[in-house]
Amino acid sequence: MTELAHTASAPTPLARAYDTAAATWHEAISRLGYPAAYRALLAECPPDPRGHIADVGTGSGAFALALIESTGVPERLTLIDPSQAMLDQAAGRLRRAGAVP
């Protein structure tokens, strides 16, 4: 089961800044090598997918996607971010990977 958790009831300045950046965030962090670094980290320290995994500050979902690619869909995955637009990007990315219905 994958849960998406928006952490603020009203948009904060930080959430608004990330909302603005959401559309291009994944492309930008990919150019910087973050997804590859996440995959390398998870290869060295794989979590147990039978537990509950929380991706705090999920952004575009790059870490969660690397997790799914390395260990499969965990029993329970919670994505937490102050930006609803980032959570929407992450949900779409994970849906395309088959992790979110």
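Trainee: At what angle do H1 and helix H4 (residues 84–96) pack, and how far apart are their axes?

Mentor: H1 and H4 pack at an angle of about 25°, and their axes are 7 Å apart. Before we go on, this is a predicted model, where local features need pLDDT of at least 70 and side-chain atom pairs count only at pLDDT 80 or more, while totals for chains, interfaces and linings use all residues. Residues are numbered from 1 along each chain as its sequence is written, and side-chain values use heavy atoms, leaving out hydrogens and water.

Trainee: Why are H1 and H4 called roughly parallel?

Mentor: Start with the conventions: helices (H or I, at least four residues) and strands (E, at least two) are DSSP runs, numbered from the N terminus. Axes are lines fitted to C-alpha atoms, for helices over the stretch in contact, and angles run from 0 to 180 degrees between N-to-C directions. An angle under 35 degrees counts as roughly parallel, over 145 as roughly antiparallel, 65 to 115 as roughly perpendicular, and the rest as oblique. The angle is about 25°, so H1 and H4 are roughly parallel to each other.

Trainee: Which residues make the contact?

Mentor: On H1 they are Tyr18, Asp19, Ala21, Ala22, Ala23, Trp25 and His26, and on H4 they are Gln84, Ala85, Met86, Gln89 and Arg93. Contact here means heavy atoms within 4.5 Å. By class, this set divides into seven nonpolar, three polar and two charged residues. Ala, Val, Leu, Ile, Met, Phe, Trp, Tyr, Cys and Pro count as nonpolar, Asp, Glu, Lys and Arg as charged, and the others, Gly among them, as polar.

Trainee: What makes Arg39 and Glu69 a salt bridge?

Mentor: A salt bridge is a side-chain nitrogen of Lys or Arg within 4 Å of a carboxyl oxygen of Asp or Glu. The closest N and O atoms of Arg39 and Glu69 are 3.9 Å apart, so the pair meets the cut-off. This pair links distant parts of the chain, with Arg39 in H2 and Glu69 in H3, 30 residues apart.

Trainee: How many salt bridges does a search of the whole structure find?

Mentor: The search finds three. One of them joins the side chains of Glu27 and Arg31 at 3.0 Å, N to O. Both residues lie in H1 (residues 13–31), four residues apart, which is about one turn of the helix. Another pairs Asp48 with Arg50, whose closest N and O atoms are 2.6 Å apart.

Trainee: Why does Glu27 count as exposed, and why is Arg39 called partly exposed?

Mentor: Buried means under 20% relative accessible area, exposed means over 50%, and partly exposed lies in between (1.4 Å probe, protein chains only). Glu27 has 53% relative accessibility, so Glu27 counts as exposed. Arg39 has 38%, so Arg39 is partly exposed. Arg31 is exposed too, with 61%.

Trainee: What about Asp48 and Arg50: is each exposed or partly exposed?

Mentor: Asp48 has 38% relative accessibility and counts as partly exposed, while Arg50, at 59%, counts as exposed. Asp48 is found in the loop between H2 and E2.

Trainee: How do you know that Leu94 is buried?

Mentor: Leu94 has a relative accessible area of 0%, so Leu94 is buried. Leu94 lies in H4 and, not counting residues up to four places away in sequence, touches Thr2, Gly61, Ala64, Leu65, Ile68, Leu77, Leu79, Ala99 and Val100. Thr78, in strand E3, is also buried, with 8%.

Trainee: Which residues in H3 are buried, and what covers them?

Mentor: They are Ala62, Ala64, Leu65, Ala66, Leu67 and Ile68. Their cover includes H1, H2, strand E2 (52–56), strand E3 (76–81) and H4. Just after H3, Gly72 takes a positive phi of about 90°.
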